[in-house]
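Thanks for taking a look at this one with me. Here are a few notes to read alongside the structure.

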Amino acid sequence: MSRIQRTRADAAATATLDKAADENFPVAPFFLPRAWRDDLMAVYGFARLVDDIGDGDLAPGGADARHLGLDPGQAEDRLAALDALEADLYRVFAATGDGPRHPLMRALRPTVRRCALTPEPFLGLVEANRQDQKVRRYGTYGDLLAYCELSANPVGRLVLQITGTASPERIRRSDAVCTALQIAEHLQDVAEDLGRDRIYLPAEDMARFHVGETDLAAPSAGAAVRALIAFEAERARDLLAEGVPLVGSVHGRLKLLLAGFVGGGRAALGAVSAAGFDVLPGPPRLTAPRLLREVGDVLRRAHREG
């Protein structure tokens with residue numbers, strides 16, 4: 001690879017990592033130890049790259065595709081790009097060979113080795129994005145939970161593994177929190193997802209509340225849509241309740257990080273509620289004061305129950 005090609009690839013990797021500033025929750029906040037921050041950013045780089053491939057949001061110029069070994073004609077083929085990314089992921093874990101090709105995958109390799117990470121969580125994120133190319137609707141809540149098992153839960157498991165705090169009970173509670181965060185994001189992004197021809201509201205629930213797809217395409221939500229969104233938000237809030245004992249089970253700066261995730265989810269759902277459950281004009285965004293209040297409340301609850 002020429003120096004110019006390498007520079008373009010590194011620029012694309014930097015552009016991907018820069019998206020961390022736009023996430024709902026801090027990816028690697030300043031108060032964490034530097035080693036944790038570096039490892040979390042390495043994992044974020046992978047997760048963001050796979051999502052950008054799945055959503056067709058890669059940086060212009062095709063550097064990511066070229067670095068994954070795709071022909072120019074395949075640059076827009078999302079399934080081909082996901083296959084190429086998965087192949088590069090296996091190079092991250094391989095004990096022999098030339099190593100991964102993409103700069104974000106090369107950055108992931110030291111984290112994988114230092115934290116003894118396994119391929120499964122990463123493969124789950126790839127498979128979730130493959131599913132997004134093939135599955136546009138979810139029939140039941142159980143179907144949606146199965147999707148969240150691939151698209152969200154691996155992230156929490158990786159956080160626990162990086163911080164050396166994974167246990168079966170913590171993983172169970174982390175899965176509940178991550179699923180809740182995914183559902184909250186889906187509720188915020190109903191209109192945006194519909195624009196991508198995706199609906200993450202279970203069809204059985206839409207039928208129960210007499211909501212059709214045309215109702216979701218309206219400029220603002222009617223009473224039936226609001227009732228449906230309120231129902232799904234309450235489900236997510238119940239899942240988030242699993243996070244309070246999780247926060248109480250750890251110590252130090254990790255406690256603050258996990259409280260940020262749980263409090264952030266509560267704040268996101270609070271923003272949806274404050275909008276009267278009308279998410280169709282655009283995502284109701286959480287505010288910093290609401291986030292701080294919710295994080296503080298989670299910490300107080302965790303202390304009382306601990």
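This is a predicted model: local features need pLDDT of at least 70, side-chain atom pairs count only at pLDDT 80 or more; totals for chains, interfaces and linings use all residues.

1. Numbering starts from 1 along each chain as its sequence is written, and side-chain values use heavy atoms, with hydrogens and water left out.

2. The protein chain has an average pLDDT of 92, and 91% of the residues score at least 70 (pLDDT is the predictor's confidence in each residue, from 0 to 100). Please treat the start with care: over residues 1–8 pLDDT stays under 50, and the model has four contacts there beyond four places in sequence (contact means heavy atoms within 4.5 Å).

3. Helices α6 (residues 120–134) and α7 (residues 141–151) have axes that come within 7 Å and cross at roughly 135° (helices are DSSP runs of H or I, at least four residues, numbered from the N terminus; axes are lines fitted to C-alpha atoms over the stretch in contact, with angles from 0 to 180 degrees between N-to-C directions). From α7, the contact uses Tyr147, Leu150 and Ser151, while α6 brings residues including Leu125 and Ala128.

4. One cavity of 30 Å³ or more turns up in a search of the whole structure (a set of points on a 1 Å grid over the protein atoms alone where a 1.4 Å probe fits but cannot get out; lining residues have an atom within 4 Å of a point). Among the residues lining the largest cavity are His186, Asp193 and Arg198, and this cavity holds about 50 Å³ of space (the space filled by probe spheres set on the points, which are joined across faces, edges and corners).

Terms used:
Helices (H or I, at least four residues) and strands (E, at least two) are DSSP runs, numbered from the N terminus. On a 1 Å grid over the protein atoms alone, a cavity is a set of points where a 1.4 Å probe fits but cannot get out, and a pocket is an open set with protein on both sides within 12 Å along at least five of seven lines; lining residues have an atom within 4 Å of a point.
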